[in-house]
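Welcome! Take a look at the sequence and the model, then read on.

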Amino acid sequence: PEMLLGIAGVVVVAIAASFLVGRMLHLPTRMALLVACGNSICGNSAIAAVAPVIGADGDDVAASIGFTAVLGVIVVLGLPLLGLALHLDGLQYGVLTGLTVYAVPQVLAAAAPLGAAAVQMGTLVKLVRVLMLGPVCLLLSLVAPRLREETDEPAPHVTAGERPAAGRPALHHLVPWFILGFLALAALRSLGLVPDAVIAPAGATATFLTVVSMAALGLGVDVHTVASAGGRVTAAVVLSLLVLGAISLALILALH
């Protein structure tokens with residue numbers, strides 16, 4: 001229970017801190033919100049879900065997604081070194097990856113060097129973190145009506161669909177389908193309804209699909225968009241990520 005509350009607390013504090021960082025760097029309000037939500041919840045998915053709710057335009061969305069994708073790769077490569085330097089065990093490091101890495105496949109890639117316990121804990125923490133997307137979208141739809149009513153719409157190719165009606169985010173934005181699939185398969189496995197002979201082939205398939213997912217994230221990065229976003233956006237994303245890492249480590253220490 002403490003971990004569940006801690007994950008929710010990390011997301012709330014990280015969104016507030018990241019938004020404050022963005023505004024201090026004079027980012028537009030909507031851009032600061034996109035960076036804060038993408039950084040604090042689940043990267044591209046959070047940005048795509050929040051953008052229609054607050055009326056973000058295509059440029060804001062593209063810049064935010066570009067930076068989270070690039071930084072996500074850097075975090076995947078660098079986080080295992082940090083975990084070793086801090087002498088974190090598998091469970092602690094899994095919590096760190098689940099709280100800081102953006103995309104689910106990136107969590108798996110970042111956690112793998114420290115073993116199966118890190119991968120499993122990282123996955124669980126990450127999926128709980130992703131579940132925060134629904135409450136955040138609903139809250140923003142209530143507290144940011146002026147932003148949502150802006151006439152400009154996000155670019156459809158970036159947000160993967162037309163803008164939903166004001167105040168009514170799509171259901172799959174509030175509860176991503178892959179979480180329902182994860183819960184269903186975890187329940188079947190725990191009840192002994194999945195034959196042992198299926199586990200190894202399923203694991204190999206999951207590894208292949210994780211590689212495909214990582215490649216898809218790379219295909220979504222437009223280097224020109226990232227380069228043209230400017231120094232203030234870069235600083236806001238990097239500082240927000242550092243704040244998220246510090247908050248996550250504080251939670252790990254607080255829960256011993």
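**A first look**

The protein has 15 helices and zero strands in its secondary structure. Please keep in mind that this is a predicted model.

**The protein as a whole**

- The protein has 256 residues, and 44% of them are buried.
- Its accessible surface comes to about 12700 Å², and carbon and sulfur atoms account for 72% of that surface.
- Among contacts with a separation of 6 or more, 76% are between residues 24 or more positions apart.

**His87, between two helices**

- You can find His87 in the loop that lies between α4 (58-85) and α5 (90-100).
- The phi angle of His87 is near 60°, which is a positive value in a residue other than glycine.
- Is His87 buried or exposed? His87 counts as exposed because its relative accessible area is 69%, and the cut-off for exposed is over 50%.

**His256, after α15**

- His256 sits in the segment that follows α15 (231-254).
- His256 also has a positive phi, near 55°, and it is a residue other than glycine.
- With a relative accessibility of 83%, His256 is exposed, again judged by the cut-off of over 50%.

**To take away**

- When you return to the model, look for His87 in the loop between α4 and α5, and for His256 in the segment after α15.

Methods. Residues numbered from 1 in each chain as written. Predicted model: local features only at pLDDT ≥ 70, side-chain atom pairs only at ≥ 80, totals over all residues. Heavy atoms only, no water. Helix = DSSP H or I, 4+ residues; strand = E, 2+ residues; numbered from the N terminus. Buried < 20%, exposed > 50% of the residue type's maximum accessible area, 1.4 Å probe, protein only. Contact = heavy atoms within 4.5 Å. Areas by Shrake-Rupley, 256 points an atom, 1.4 Å probe, with all protein chains shown as cover.
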